[in-house]
Amino acid sequence: MAFSLAMVGLWYLLSYVMLADDRQFLLPPLHEVWNAAVGDADVRGELRDGLAVTAKESFTGLAIAAAAGMLFAVAMNFRRWVERSFFPWAVVLQTIPILALVPLIGGLFGFDFQARVIVTVLIALFPIITNTLFGLQSAEENLHELLTLHHASRSTRFWKLEFPASLPATFTGLRIAAGLSVIGAIVGEFFFGRGEKGVGVLIDKYRGQAATKELIAALLVSSLLGIVVFWGFSWLGRISTQRWHASADEAGV
């Protein structure tokens with residue numbers, strides 16, 4: 001709370017003291033941003049509708065990335081040859097600038113909801129794969145040896161040991177991907193520029209109109225969406241693991 005108040009104070013300090021009057025439009029006071037976002041019915045409606053569009057895209061992309069990422073991680077954990085074959089390509093996908101793929105994605109899948117979701121999946125997929133795989137492979141060796149002594153099957157080893165051991169790392173990956181999914185949706189909206197008006201389209205619109213107050217309001221709305229999704233996975237991870245995994249509270253899962 002104290003840090004938040006300090007940041008608000010710094011905002012006003014920069015706006016009223018550090019910036020000259022003719023440059024105050026670059027960082028308008030927070031209450032003026034609030035008035036522009038909430039006081040203007042048209043802007044409020046645009047932000048509300050844009051937030052709904054972006055949330056639908058980011059949630060859809062995150063759900064697909066979570067399912068695909070965990071599936072790939074499980075396959076790589078079960079078969080080392082799958083890890084050796086697939087993981088380098090996952091790294092390559094992560095290192096390719098997503099903006100270089102935007103024209104290709106648009107040409108193949110159009111420029112509306114489907115293309116935006118694909119961009120979101122591509123951005124959010126990698127941390128889910130890497131964290132889930134790390135979690136699956138982090139089970140203690142002595143527990144593996146115990147299951148070997150009891151002649152446990154491969155599926156029993158997975159469900160009784162590897163899967164529970166992977167949950168803290170998996171939820172860490174989901175928390176990272178949650179924020180990236182919002183970024184992916186906004187990037188897709190910003191560069192495709194067609195279809196429903198999500199927050200990314202509004203950001204581009206306000207930028208073109210030099211409407212700084214509305215632009216900052218749109219940025220804050222997108223940030224709020226990412227924070228809410230991040231907190232949601234943090235809460236889900238905490239209630240899923242804190243009763244049996246000691247690292248849950250320590251890591252802030």
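**Group meeting: an all-helix predicted model**

Arg154 lies over the face of Phe78, 4.3 Å from the ring centre. The rule for that call is NZ of Lys or CZ of Arg within 6 Å of the ring centre and within 35 degrees of the ring normal.

Residues are numbered from 1 along each chain as its sequence is written, and side-chain values use heavy atoms, with hydrogens and water left out.

Now the ring itself. Phe78 and Phe158 form an aromatic pair, 5.4 Å centre to centre with 55° between the planes, which makes the pair tilted. For the terms: rings of Phe, Tyr and Trp (its six-membered ring) pair if their centres lie within 6.5 Å, and planes under 30 degrees apart are stacked, over 60 edge-to-face, the rest tilted. Phe78 sits in helix α3 and Phe158 in helix α8, so the pair ties together parts that are 80 residues apart in sequence. Helices here are DSSP runs (H or I, at least four residues; strands are E, at least two), numbered from the N terminus.

Buried means under 20% relative accessible area, exposed over 50%, and partly exposed in between, with a 1.4 Å probe and protein chains only. Phe78, Phe158, Trp159 and Phe163 form one aromatic cluster. Across the whole structure, the search finds seven aromatic pairs.

Next, the overall picture. The chain has eleven helices and zero strands. Of its 253 residues, 40% are buried. The C-alpha atoms fill a box of roughly 75 × 50 × 30 Å along the principal axes. Among contacts with a separation of 6 or more, 73% are between residues 24 or more positions apart. Contact means heavy atoms within 4.5 Å.

Beyond its neighbours within four places in sequence, Leu47 is in contact with Ala37, Leu202, Tyr206, Ala217, Ala218 and Val221.

Thr120 is found in helix α6 and counts as buried, at 0% relative accessibility. Leaving out residues up to four places away in sequence, Thr120 touches Glu57, Ser58, Gly61, Leu62, Ser181, Gly184 and Ala185. Gln94 lies in helix α4 and is partly exposed at 37% relative accessibility. Gln94 and Ile123 are 29 residues apart in sequence, and their C-alpha atoms are 7.4 Å apart.

Then the largest pocket, with a volume of about 690 Å³. A pocket, on a 1 Å grid over the protein atoms alone, is an open set of points where a 1.4 Å probe fits, with protein on both sides within 12 Å along at least five of seven lines; lining residues have an atom within 4 Å of a point. Volume is the space filled by probe spheres set on the points, which are joined across faces, edges and corners. Of the 21 lining residues, the closest to the pocket centre are Leu30, Trp34, Leu220, Val221 and Leu224. At least two lining residues come from each of α1 (2-18), α2, α3 and α10. The largest share, seven residues, is from α10.

Last, two backbone points. His151, not a glycine, has a positive phi of about 55°. His151 lies in the loop between α7 (141-149) and α8 and is exposed at 73% relative accessible area. Ala210 also has a positive phi, near 55°. Ala210 is in the loop between α9 and α10 and is exposed at 58%.

Terms used. Predicted model: local features only at pLDDT ≥ 70, side-chain atom pairs only at ≥ 80, totals over all residues.
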